[in-house]
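Here is a quick walk through one protein model, meant to be read with the structure open beside you.

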Amino acid sequence: MSSRTDRTLLVSKTISGDREAFEQLLLSQDNAIIFRIRSMAKCAEDAEDIRQEVAMRLYQKIGTLKHPEAFDGWLDKLILRECFRHFAAQKPIVYRDNLCEYEENLAETNTDCLPFAHAEHLESYAEINAALNNMPKRISDMVILHYEAGMRYREIANVLGVTINSVASGLFRARKQLRKELL
């Protein structure tokens, strides 16, 4: 029996609730999971945190997998989503949600005592956040995933459940709108 067939069998058993099969599946996929996470995470602690989240989500969500042979793609999407969740939670400014709080902090900052480049950076950051808030959420999510999380078009398409062409055109429109609003 091939390793793909073995994995499909383990997935099927895990879907039916076999805890031992889940442990074997997780152990067999551990290297692939950590490799994929480390390709996106900047440090080992982040990678380990995400790995734990992936294991937990895998256990919780495996029952939603309809076709065990589609496990590889399903797992890849799960890993991407967990990475996105982790990176979004780490951002000091959560776009849209904490924009008012950020603007209040920026208003309280005495830019006279800051180096000019830093003060200019803070003002630019606020302008970019305001411009992102003027975009549809899906488009601003694409911008954040691409420029903040460093994801490629295909990864963004997988996370958001859209086509690569949608990501390309969304980022094109976003860049055009940002140029218009910021220049």
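## Two helices side by side

Before the numbers, a word on terms: the axes are lines fitted to C-alpha atoms, over the stretch in contact for helices, and the angles run from 0 to 180 degrees between N-to-C directions. Two packed helices are described by the angle between their axes and the distance between the axes. Keep in mind that this is a predicted model.

With that in hand, look at α2 and α3: they pack at about 145°, and their axes are 10 Å apart. The crossing of α2 past α3 is right-handed. On the α2 side, the contact is made by Arg19, Phe22, Leu26, Asp30, Ile33, Ile34, Ile37 and Arg38. The α3 side brings in Ala47, Ile50, Arg51, Val54, Ala55, Leu58 and Tyr59. Sort these residues of the α2 and α3 contact by class and you get 11 nonpolar, 4 charged and no polar ones.

## The overall fold

Stepping back, the protein has 9 helices and 0 strands. Read along the sequence, that gives the pattern α-α-α-α-α-α-α-α-α.

The protein has 183 residues, and 36% of them are buried. What share of the contacts with a separation of 6 or more comes from residues 24 or more positions apart? The share is 60%.

In soluble globular proteins, nonpolar side chains tend to be buried together. Here, the largest nonpolar core has 42 residues, and Ile37 and Phe71 touch the most other members. Two or more core residues come from each of α1 (3-15), α2 (19-38), α3 (44-61), α4 (71-90), α6 (116-133), α7 (137-148), α8 (153-160) and α9 (164-182). The top contributor is α4, which gives 8 residues.

Leaving out neighbours within four places in sequence, Phe71 is in contact with Arg7, Val11, Leu25, Gln29, Leu58, Ile62 and Leu65.

## Aromatic pairs

How many aromatic pairs are there? The count comes to 2. In one of them, the ring centres of Phe22 and Tyr59 are 5.0 Å apart and the planes sit at 65°; edge-to-face means over 60 degrees, so this pair is edge-to-face. Phe22 belongs to helix α2 and Tyr59 to helix α3, so the pair ties together parts that are 37 residues apart in sequence.

Phe71 and Trp74 are both buried.

Leu26 sits in helix α2. Its relative accessibility is 23%, so Leu26 counts as partly exposed. Apart from neighbours within four places in sequence, Leu26 is in contact with Ile33, Ala55 and Leu58. Leu26 and Leu58 are 32 residues apart in sequence, and their C-alpha atoms are 8.7 Å apart in space.

Glu20 is also placed in helix α2. With 54% relative accessibility, Glu20 counts as exposed. Over in helix α4 you'll find Asp72, which is partly exposed at 32% relative accessibility. Not counting residues up to four places away in sequence, Asp72 touches Arg4 and Arg7. Asp72 and Thr8 are 64 residues apart in sequence and 9.7 Å apart from C-alpha to C-alpha.

## Around α8

Finally, a look at α8. Glu155, Ile156, Ala157, Val159 and Leu160 are buried there. Just after α8 comes Gly161, which takes a positive phi of about 70°.

Note on methods:
Residues are numbered from 1 along each chain as its sequence is written. This is a predicted model: local features need pLDDT of at least 70, side-chain atom pairs count only at pLDDT 80 or more; totals for chains, interfaces and linings use all residues. Side-chain values use heavy atoms; hydrogens and water are left out. A nonpolar core is a set of buried Ala, Val, Leu, Ile, Met, Phe, Trp, Tyr and Cys residues joined through side-chain atoms within 4.5 Å. Buried means under 20% relative accessible area, exposed over 50%, partly exposed in between (1.4 Å probe, protein chains only). Helices (H or I, at least four residues) and strands (E, at least two) are DSSP runs, numbered from the N terminus. Contact means heavy atoms within 4.5 Å. Rings of Phe, Tyr and Trp (its six-membered ring) pair if their centres lie within 6.5 Å; planes under 30 degrees apart count as stacked, over 60 as edge-to-face and the rest as tilted. A crossing is left-handed if the near helix is turned anticlockwise from the far one by less than a right angle, and right-handed if clockwise. Ala, Val, Leu, Ile, Met, Phe, Trp, Tyr, Cys and Pro count as nonpolar, Asp, Glu, Lys and Arg as charged, and the others, Gly among them, as polar.
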